[in-house]
Structures are given as C-alpha cells and as structure tokens.
Amino acid sequence: MKSDPKSIVFNYQKLEFDVPTLQHSLANRLTYTIGKDPITATGHDWFHALAYVVRDRLAERWMETMRSFYRNDAKRIYYFSMEFLTGRMLVNSLSNLGFYQECRDLLDELGLDLNELCESEPDPALGNGGLGRLAACFLDSMATLGLHGYGYGIRYEYGMFNQRIQNGEQVEHPDNWLRYGNPWEFPRPEVIYPVKYFGRVIEYVDNEGHNRHLWVDGEEIMAMAFDTPVPGYKNEVVNNLRLWTAKATRDFELRYFNEGNYIKSVEDKNESENLSKVLYPDDTTLVGRELRLKQQHFFVSASLQDILHRFQRYHSSFDDFPEKVAIQLNDTHPSIAIPELMRLLMDVHYVEWDKSWDITRRVFSYTNHTLMSEALETWPVSLFERILPRHLQIIFEINHRFLKDVMHRYPGDSDVLQRMSIIGEEGQRHIRMAHLAIVGSHRVNGVSSIHTELMKRSIFLDFDRFFPGRIINITNGVTPRLWLKQANPHLSDLISSCIGKGWVGDLSQLHQLAPLAEDAGFRKKFMAVKHSNKIRLAGLIKSRLGLEVDPDSLFDVQIKRIHEYKRQLLNVLHIVTRYNRIRNNNVKLTPRTVIFGGKAAPGYVMAKRIIRLINDIADIVNNDPVVNQQLKVVFIPNYDVSTALDIIPAADLSEQISTAGTEASGTGNMKLAMNGALTIGTLDGANIEILEAVGEDNIFIFGLDAARAKQCSQNYQPMDVYNANAELKAVLDMISSGFFSPDEPHRYRSIVDSLLQHGDAYLLLADYASYINAQDIVDRHFEDSDSWARKAILNVAYMGGFSSDRTVTQYAKEIWRLEG
C-alpha cells in the first residue's frame, strides 16, 4: 500500500558547519550544480557554488520552520510591499546561521577571498530607498523574533536603474541583476495564479436569490512565485519572501506561428510578461500609469489568492480568517488589496458583503509614510473603470456605505463628506488610495512621533476624529544585524569585547557602553576603528573616482534619495559658503570631505539638476589648490545597500536636514548614529526621537520646527532673506551667474529662481543662517577630538530603541494582535 506523500517525513542528518563538511559540500556544488572544476571556475562560479552551499543549510531550517507553522496553526503575518531592498545575502546568511568564520577559514585554505566572492554577488535594487529597506529590515526582525512572517512583492527583472555620472549628469542604465541568475531563490512553477484586467461585470441573481457579480471578457496574466529564504539570527527560524513574476497565459499564438509570423505569435506573450520587468515605470505618461496600476493589482491579487489557498487547506470556513491572518500594507501602493480581498470573498467564495467587509477590515492594517498631499497616491476613476471595473464597483460601494456613516455622525456637513470621501471630485474624479486604506484597515500607523501627530492634526484630522484610536504611532527601526554587525565588523567586535554579544539580538544592551564614553582607553579604540573605516572608504573613493580624500578630515555625509524636500541643495549652499570663506577670506577651517550619494527619479528634472550642480561644484572645489586641502566634495554614484555599507561606518557627521514636517521618519539617521556619526538635523521625523535618546549635547539641531515652518510659509518672502544676508546672496549669485558652469552660465538659473522667484517651497533660505551656524558649531566640536569621541560613543550607546526588533514587537502587540 502506497504512503500518502503528505505524511512522509524524511529522516536526514542536518548538514554541518565544520570546515571538512563545508569543503565537501562546496566541491559537490561546484561540480554537480555549476558544472565546473577548480581549474576553470571563475569568481562568479565560486560565489554561486558557495551560495548554494549556504542555501542548502537555509533550506533545511526553512522546511522545519514551515512545518512548525502548519503544526501550530499560528497566526501568520503577511507584509505587502512594492519594494524589498534586501541587499547582498551571502554575508548576512552566513552570519545569521552562525558559520561565517568557518566559511572564511575554508576559503582561506582554498586560496579564495570571501570579500572578493561577496563582490561577485549583485545587489538587487528592488526598491527606491527607505521604503524597501524598511521592508527588508522587518523581514529580518520577524524571523529573528520567531514570528510567522511572509513578505510578498514583485520579482522585477530590472530593478532601480544603475546610476552613472557622465559630464556631471545622472545617466540611467538598466539594472540587470539577474544576468548571472539568482542562487538564493526557488522557482515555483506550480504556484501560479491568474490575475485579471479589463473586461466588464455582469450582475445576476443566483439560485438562492443572492445578487452576484461575474467579471468577464477580460485579459489574464499568470503570476508565478519565486521564494527566497529569510533567516533569523541564530535561532533556526527561516521565513519566506515570495516574489511574483508575470507569465503569459499561453506561450504563443500557434496560428500565427504556423503561418510563419513568429514575431506576432510571441507579441502577446512579451506584452504580458513586461508587467514585472521594471520597478516603478515612469508614471508621467498614461501608459506608464496604467502599467504601475497593473503592477500593484498583479502582486496583491496573486498574494491574496495564495493566502486564501493556504488558509483553506486547513480551514473549512472563513470565520477564523482574521484570527489566523494579518496583512500589513507598506504605504498606499498595495491598498488595492482591500477591494481585491472583497472581490475574492464575495465573487469567488460567495461570502456576503457584511461578513466580507468585517473580515477585510480586521485583516488589514496600513502604514503611512508621507505627509505631503502630492505624494498620497490617487488614481483616475476612468483608469480604474477601464482596467479594474469590478474593483471600482466595490470601491464605490465601500465609499457609499462609509459616507452614510459619516453623514449620520455629522448631519448637514457637506464639507466633511467631501474631505473624507474615498472619491475625490476636485478636477478629474479620482480615487484617494490613502482614504481607502484608512477606511479598510483596523489600524493605521505613522512611523515617528511627530509624523503621527501631524497625521492626526493635518491630512487625516477628520479620520482621527471619526475613528478615535485607529491611528497610532510605531517609530521605524533598522536591523542591527546588517547595519551594525555586518556593516561595521571592527566596531561590532569592540562592542562585543566590552559588553558581550547579546546586543545583536537585543540592541537595548548597547546602553552598557555609556559609561565607557568616560574611559580614555575605550575612546582611543573607538576612534581607531572610525579612522580605519575612513581609510577604507578613502581607498574606495580613490579606486572608483580617482579622487584622493583625507581620512583625517571630517567626513560629512548625506546619502539618500535626491529630492527637494530632503534639501541636498541646502548642503550645497553650505559648501559654497565654506568655499568662499576659505578662498576670499583666507580663513583656515576644519578640513571636510562632503560625501553625497543618491538617485533622482528619471523624470524628476530638478533633482537631476541638483546632482549636476553638486558635481560641477565638486569639479571646481576639488581642483582649486587654495581650497582643496580644506574642502573636498564627492558624489558616489549608484547608491545602493552595498554602497551604504561602505559609507556609513566611516561617517563623522550625518546630514538629516529635511524641512521640518516633511520627512515621515527616516532610517538613514538611525543607521548613521548607530555607527557613531553625530547628526546635524532639523526637528523632523525620527530626528526628534534621536534627540530625546542621545541628549541635546550630542546632536546638532537647527532650523524651524514643523509649526513655525507652517507659519513661516504663509507670508514668506525669500527675497527679503536673500537681500538681508550677504553670504547667502553671494552664494546664490555665484550659482546663478555660472561660476560653477562657465561653459553654460545659465545652467542653474532655474534652481536659484525656484528659491527666489517661486517661493522656496522647502524653506532653504529661511533655515540657511541657522544651518550655517550649526555647521560652525560642528567645526569647533570636531577640533576637540576627545569630546567628539564621547559624543560619538554616546550616540551608539543610546540607539537601542531604534532596532527594527523593537518596531516589529510593537506591531505584533498593537496591530497584529499576536499572543505572547
């Protein structure tokens, strides 16, 4: 009698981590998987062989973790995100599994360098910045905390573009991260779901008298799963990141093929599979917006079908669905999941509206990441009507029922109905996706204390009054496994030698470092580590850019997406001010190396112009013998996770200078402070909580706070500021007159006009004097190396509250309602 395959349990001995076993595994993988011998193997071959050795050990723990999930039937957390910036996985996996040193020892015996093999691994740019990196941190923390967590997103064939700088300008090139294959993922051709678009909706009454809807005559694209294991830190738990790729419903139209028209035969297939080709297509065109909407629906529909399928394997009804499933929406991009779950429950599984809505609302929660109204996602009703007609019907019905409740609460108040409606009527009728996410979720969270308070007082004031207690704060955090242990191994070793290794899993233990700030011996060791990291970064800058920088200078770092509200331009104004002081006044200043990194969206003209300005200024400053011993400017191209790991441990000063009230949280501020950089920043985002943690003596705060910034904007005259400040006037005149662009004198006139003629929307000039004063204070403190070391050590010591482990634990208790 045959056994039921589902009841089979293999008795196998786990693969060991000792050097002889690892060597045997590596030889097998190189021979049988890669098909090479050591004589012909390239660096890529060795990397792939080693990655498969590590993946084998991940897979064992992964299978056991998944089995335990099914045995326990515990609540599962599904994290929906359009972005996942995981970074390179080899070192992180070795470290979390606990055999990094054994692997390095083996490679040393074989004459191979682990660092060189790591450089062979592509850095998957499946995200644009903090949103995707936060998602990856959360997956790491969920696994480390032993939570039953899954990530869901899109397996973009081409991630965020590869940025090159040509003649000072950003030039975008495709990021072909899959060129050599991806050894970490497991293709799942059997896990495939249809995703529908276009068509029309038929209403009918079934045999039991219920109104039903049938979506017909549309197009289908198949979503196929690729799974990537996500290991927790030394706890045998391995969770799953499932990314979807688009496949045509059939390979090609055979009729065209038989007629000899092969191009036509594969045309539909190629068009279908383009859906998962590129991260964030340009949405300035109708075609680009259509593709972006289709991408969002594609991944949430496949993910929800997958979740429902998994749930139904062990449950006969949906009564317990909210007790077993929690879905976190990472910003508004996945919020179309709300009407999609309603559609699946009602139209596919025949659950009536009230029960479907109760289930949906209890399952979903939404994280908001922006306060700027222009960044809150909306979609034209006409676009929805054409691409997702059934979803538009459901959204209209959700809105109708919701507005009835609002009307009963506020009878006769048509203004509040307009403000709270999911459908915006101003201009072209549009769907407000943030409103949909709030109405369809049981919890909404901001990501820093000020962000959440501003949400409640401004953009979501009406919703906070209507749903008291629904909007809560959970401040962001970052994983210390990547951003301290892996990023800064020498500092990690120094910390562990003093307080033990427990801090890696419990970052609050870093507070034990605080007394050591008064220990001269520890200060010396701490600053020696910092200097070593600066020497390493200086070497990378020399090899990549051909520019020599002084490791003894203050490394002043601003690394983030290029955007006007993040105010890289304010940093530029300080650089030119500094340049003028050195050149014209013969003043000797604290030597500085100002380091930028970040990408501008391809269609964001002003951001790209700022990048060119930075590079033009760098060309003048770095080649001026009067100045370049005291000031250097560096723009490091193609900023990604790997580049961040190179820069952050070497930073002395962390620029977090967004206009107060615009940055939701920021996580770069946490990563830099965690590695001993002092922050210069506004009272914005998580800067406020960093100030509270480290104390005002260990951070440099400047500028208007959010309330004064809002007040200032109401009657702000930037020309008055310009005329009243001689240094500022000189700086702006130099930029606008072509001092830094002699080949094209008016190249930057539009930048200066945006400040003087068009309102200075982000208040750079209003904050300029305060910022320059704060930078002068930074100089004075840096000259006192002993005092600076104390401040840097205390920044590290007080970062315990900014671990993503703390953040995820808070989500688990306050949003996902996990027991224990």
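Me: Which helices and strands each supply at least two residues of the lining of the largest cavity?
Reply: First, a word on the source: this is a predicted model, where local features need pLDDT of at least 70 and side-chain atom pairs count only at pLDDT 80 or more, while totals for chains, interfaces and linings use all residues. Residues are numbered from 1 along each chain as its sequence is written, and side-chain values use heavy atoms, with hydrogens and water left out. Helices (H or I, at least four residues) and strands (E, at least two) are DSSP runs, numbered from the N terminus. The elements that each give at least two lining residues to the largest cavity are α3 (90–97), α6 (130–144) and β8 (219–231).

Me: What is the volume of that largest cavity?
Reply: A cavity is a set of points, on a 1 Å grid over the protein atoms alone, where a 1.4 Å probe fits but cannot get out, and its lining residues have an atom within 4 Å of a point. Grid points are joined across faces, edges and corners, and a volume is the space filled by probe spheres set on the points. The structure holds five cavities of 30 Å³ or more. For the largest, the volume comes to about 220 Å³.

Me: Of the residues that line the largest cavity, which are the closest to its centre?
Reply: By class, its lining has eight nonpolar, five polar and three charged residues. Here Ala, Val, Leu, Ile, Met, Phe, Trp, Tyr, Cys and Pro count as nonpolar, Asp, Glu, Lys and Arg as charged, and the others, Gly among them, as polar. Out of 16 lining residues, the closest to the centre of the largest cavity are Thr86, Asn92, Ala136, Asp140 and Val230.

Me: And which residues are the closest to the centre of the second largest cavity?
Reply: The second largest cavity has a volume of about 180 Å³. Of the 18 residues that line it, the closest to its centre are Thr86, Met89, Pro124, Trp177 and Asn182.

Me: Is α11 largely enclosed or open, and how many of its residues are buried?
Reply: Buried means under 20% relative accessible area, exposed means over 50%, and partly exposed is in between (1.4 Å probe, protein chains only). The buried residues of α11 include Ala337, Pro339 and Met346. The helix is largely enclosed by the rest of the structure, because the buried count is 11 of the 12 residues.

Me: What separates Arg343 and Glu340 along helix α11?
Reply: Their side chains meet in a salt bridge at 2.9 Å, N to O, where a salt bridge is a side-chain nitrogen of Lys or Arg within 4 Å of a carboxyl oxygen of Asp or Glu. Arg343 is buried at 12% relative accessible area, and Glu340 is buried at 0%. Since they sit three residues apart in α11 (residues 337–348), what separates them is about one helical turn.

Me: Are Arg401 and Glu397 buried or partly exposed?
Reply: This pair also meets in a salt bridge, at 2.7 Å from N to O. They are four residues apart in helix α14 (residues 389–409), so about one helical turn separates them. Arg401 has 34% relative accessibility and Glu397 has a relative accessible area of 27%, so the class for Arg401 and for Glu397 is partly exposed.

Me: Which residues do salt bridges with shared partners join into one network?
Reply: The structure holds 54 salt bridges. Those that share partners link up one network, made of Arg188, Asp227, Arg242, Asp306 and Arg310.

Me: What is the phi of Asn167?
Reply: Most residues other than glycine have a negative phi. Asn167 is found in the loop between β3 (162–166) and β4 (169–173), and is exposed, with a relative accessible area of 68%. Although Asn167 is not a glycine, its phi is positive, at about 55 degrees.

Me: Where is Asp73?
Reply: Asp73 also has a positive phi, near 50 degrees, in a residue other than glycine. At 29% relative accessibility, Asp73 counts as partly exposed. Its place is in the loop between α2 (43–72) and β1 (76–80).

Conventions
1 Å grid on protein atoms, 1.4 Å probe; cavity = no way out; pocket = protein on both sides within 12 Å on 5 of 7 lines; lining within 4 Å.
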